[in-house]
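Please read them alongside the sequence and the coordinates shown below.

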Amino acid sequence: MHIWVDADACPGVIKDILFRAAERKRIPMTLVANKLLRTPPSPYITAVQVPAGFDVADNRIVHEVSAGDLVITADIPLASAVIEKGGHALNPRGEFYSPENIRERLALRNFLDELRGSGVQTGGPNALSHNDRQTFANQLDRFLAKCV
């Protein structure tokens, strides 16, 4: 198993949780972003910088991910593509995307995108809370305990 991180928009506190988990469980983890990322020195943690552009990091992750891998992302289309390849997708708030819920998430995302395109202000997500961080860490630990 490999952990892939859609790192451009991944909060630093979530990356820190992931760094500790990769070290503790000795799981390879790759952060993919279109900017240079700093990572702790570790044989398990690498960062890949991709060219700037729409969905370039997402496309790289989809190309590299294998069945059983875990992808950390808040990007719903990326999560959908990962699930189609047999991977697992977890967002930074600790919610797993699944074959059962991904269509609903895609439909809502597309609806909100259409609203924004027509000029309606839809707002954005709330700031990541302490509870969100704890939920993420707990979900990650449960998943890794089951799979590793």
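1. Order of elements. Along the sequence the protein follows the pattern β-α-β-β-α-β-α-β-β-α-α, which amounts to five helices and six strands. Helices (H or I, at least four residues) and strands (E, at least two) are DSSP runs here, numbered from the N terminus.

2. Basis of the notes. This is a predicted model, in which local features need pLDDT of at least 70 and side-chain atom pairs count only at pLDDT 80 or more, whereas totals for chains, interfaces and linings use all residues. Residues are numbered from 1 along each chain as its sequence is written, and side-chain values use heavy atoms, with hydrogens and water left out.

3. Overall dimensions. The radius of gyration of the protein is 15 Å, which agrees with the value near 15 Å that a compact globule of 148 residues would have; the radius is taken over C-alpha atoms, and the globule rule is 2.2 Å times the number of residues to the power 0.38. Taken along the principal axes, the box filled by the C-alpha atoms is roughly 50 × 30 × 30 Å.

4. Of the 148 residues, 37% count as buried, where buried means under 20% relative accessible area, exposed over 50%, and partly exposed in between (1.4 Å probe, protein chains only). Among the contacts with a separation of 6 or more, 51% come from residues 24 or more positions apart, a contact being heavy atoms within 4.5 Å.

5. Surface and charge. The accessible surface comes to about 8400 Å², and 52% of this belongs to carbon and sulfur atoms; the areas come from the Shrake-Rupley method with a 1.4 Å probe, and for residues only the protein chains shown count as cover. There are 17 positive and 17 negative side chains, with the centres of the two sets 7 Å apart. Lys and Arg count as positive and Asp and Glu as negative, without His and the chain ends, and the place of a charge is taken as NZ of Lys, CZ of Arg, CG of Asp or CD of Glu.

6. Helix α2. In helix α2 (residues 56-64) the buried residues are A57, D58 and I61. Seen down the axis of α2, these buried residues fall within an arc of 100 degrees, so they line one face of the helix; the arc is that of the directions from the helix axis to the C-beta atoms. What covers them includes β1 (3-6), β2 (29-33), β4 (70-72) and α3 (76-84).

7. Which residues does F19 touch, leaving aside its neighbours within four places in sequence? F19, which lies in helix α1, is in contact with M29, L31, R38, T39, P40 and I45, and at 11% relative accessibility F19 counts as buried. V13 also has its place in helix α1, but V13 is partly exposed, with a relative accessible area of 34%. Not counting residues up to four places away in sequence, V13 touches L128 and R133, while the C-alpha atoms of V13 and N138, 125 residues apart along the chain, are separated by 14 Å.

8. Backbone points to inspect. R26, in the loop between α1 (12-25) and β2, has a positive phi of about 60 degrees although it is not a glycine; at 59% relative accessibility R26 counts as exposed. D55, in the loop between β3 and α2, likewise has a positive phi, near 65 degrees, in a residue other than glycine, and D55 is partly exposed, with a relative accessible area of 30%.

9. A loop proline. P43 is placed in the loop between β2 and β3 (45-49), where P43 is exposed, with a relative accessible area of 74%. From C-alpha to C-alpha, P43 and A89 are 23 Å apart in space and 46 residues apart in sequence.
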